[in-house]
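Walk through this structure with the model open beside the text.

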Amino acid sequence: MNFNITDRVTWVGKTDWELKWFHGYEYSVHKGSSYNSYLIRDQKTVLIDTVWQPFAQEFVARLKDIIDLADIDYIIANHAEIDHSGALPALLREIPETPVYCSTNGIKSLKGHFHEDWNFVPVNTGDSLDIGSSKLIFIEAPMLHWPDSMFTYLTGDNILFSNDAFGQHYASEFLYNDLVDQGELFHEAMKYYANILNPFSRLVKRKIEELLALKVPVDMICPSHGVIWRQDPLQIVNKYLAWSQAYQEDQITIIYDTMWNGTRRMAEAIADGIAAADSSTEVKLFNSAKSDRNDILTEVFKSKAILVGSPTVNRSVLASTSTFLDVAQGLAFKNKSAAAFGTYGWSGESVDLLTTRLKEAGFNVVSEGIKTTWNPDSDALARCHQFGQQFVGQL
Ligand code: FEO
């Protein structure tokens with residue numbers, strides 16, 4: 001189904017209710033997603049982005065239902081990643097001469113993906129394209145979240161087509177931000193930021209400040225995933241500004257894996273100690289082998305501190321904690337304190353290993369951590385409780 005957003009702009013994307021994983025199996029999707037493509041009909045006809053490759057034929061067929069493809073004057077590829085460019089080969093087989101406007105890095109990336117020498121037109125920030133009664137203005141947005149990413153602004157309707165920025169993996173029959181559950185919307189927007197954009201926060205902040213300094217009217221922000229921001233569209237821009245500056249809430253997240261529940265019991269005793277010392281801080285616990293990694297990382301993004309626990313196994317740590325720390329290191333969280341804990345029977349390396357990994361991942365390790373042997377007895381659990389109390393005091 002296509003939707004008219006304004007007299008000139010029609011959403012011609014694809015809602016993917018089935019999607020469970022994104023970026024291979026790196027990003028869990030609980031509420032589906034959409035690949036938003038927009039058709040602008042002024043004196044010239046412009047298509048902004050396409051959809052993921054599995055939906056290419058359906059996308060082209062639906063476009064044909066509403067226009068003659070030969071009427072498309074320009075294609076804008078705001079971002080080359082396959083979820084937005086996947087239908088370009090099918091589309092350009094039908095209209096091979098149509099110019100494809102994108103950043104210089106976009107050309108490299110599209111050629112790298114599809115090995116086609118389409119009629120590329122490179123654009124830079126500030127370049128514009130007259131399409132009749134309105135204009136398209138291009139704004140490069142490198143590393144939001146790929147080197148080729150860019151935004152396109154439509155004058156007249158005052159729409160910012162922001163591609164991945166401000167998006168969410170969130171399928172909804174309702175196209176707009178004011179029509180959906182606000183808790184779900186902001187949770188998915190934050191998960192998207194925490195798991196995709198966080199490493200580039202410095203550039204996000206700079207780009208947003210640059211955008212706000214332009215003082216152009218923004219009536220709508222149309223991202224390439226999820227709902228369109230039409231009610232107070234700058235609210236998501238302001239959220240991004242906050243999220244890009246070492247964001248934290250009054251939360252401590254405890255992440256652990258356990259073999260025979262000893263490390264779980266330590267985690268719970270530490271949590272009790274934190275709660276006893278500080279009733280205002282929210283404490284959340286996750287078994288990293290059982291809970292969704294991207295959801296845990298979203299909780300880490302919200303946290304002022306984390307604790308990571310694993311028993312010692314084969315002089316190492318349990319795999320789920322190691323994988324969690326691998327991904328956390330890549331996401332480059334800032335301004336978060338941390339410590340490690342774990343049980344052991346013989347050699348007891350896990351806490352030192354986790355401490356080293358936390359430091360390597362950029363966490364501010366505030367203590368040497370706590371170890372207990374075997375299944376912690378009441379004395380050991382009392383030490384964990386005290387450790388939790390001390391940990392809060394060190395923040
Ligand atoms: Fe939605 Fe970077 O692709």
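In this predicted model, strand E15, residues 159-163, pairs with E16 in the parallel sense. Four bridges join the two strands. Look across the pair at Phe161: Cys222 in E16 stands opposite.

Now widen the view to the sheet. Strands of a sheet pair through backbone hydrogen bonds, either parallel or antiparallel. Here the pairing is mixed, and the sheet is open. Its five strands run in the order E12-E13-E14-E15-E16. Which strands form the edges? They are E12 (128-130) and E16 (220-223), and each pairs on one side only. From one strand to the next, the twist averages 20°.

Turn now to empty space. Rolling a probe the size of a water molecule over the atoms shows where such space is left. The largest pocket holds about 300 Å³. How many residues line the largest pocket? The count is 18. Nearest the pocket centre lie Pro311, Thr312, Thr343, Tyr344 and Gly345. Helix H8 (262-277) and strand E20 (337-344) are the elements that give two or more residues to this lining. By class, the lining of the largest pocket has 10 polar residues, seven nonpolar and one charged.

Methods: Residues are numbered from 1 along each chain as its sequence is written. This is a predicted model: local features need pLDDT of at least 70, side-chain atom pairs count only at pLDDT 80 or more; totals for chains, interfaces and linings use all residues. Side-chain values use heavy atoms; hydrogens and water are left out. On a 1 Å grid over the protein atoms alone, a cavity is a set of points where a 1.4 Å probe fits but cannot get out, and a pocket is an open set with protein on both sides within 12 Å along at least five of seven lines; lining residues have an atom within 4 Å of a point. Grid points are joined across faces, edges and corners, and a volume is the space filled by probe spheres set on the points. Ala, Val, Leu, Ile, Met, Phe, Trp, Tyr, Cys and Pro count as nonpolar, Asp, Glu, Lys and Arg as charged, and the others, Gly among them, as polar. Two strands pair if DSSP finds at least two bridges between them. Axes are lines fitted to C-alpha atoms, for helices over the stretch in contact, and angles run from 0 to 180 degrees between N-to-C directions.
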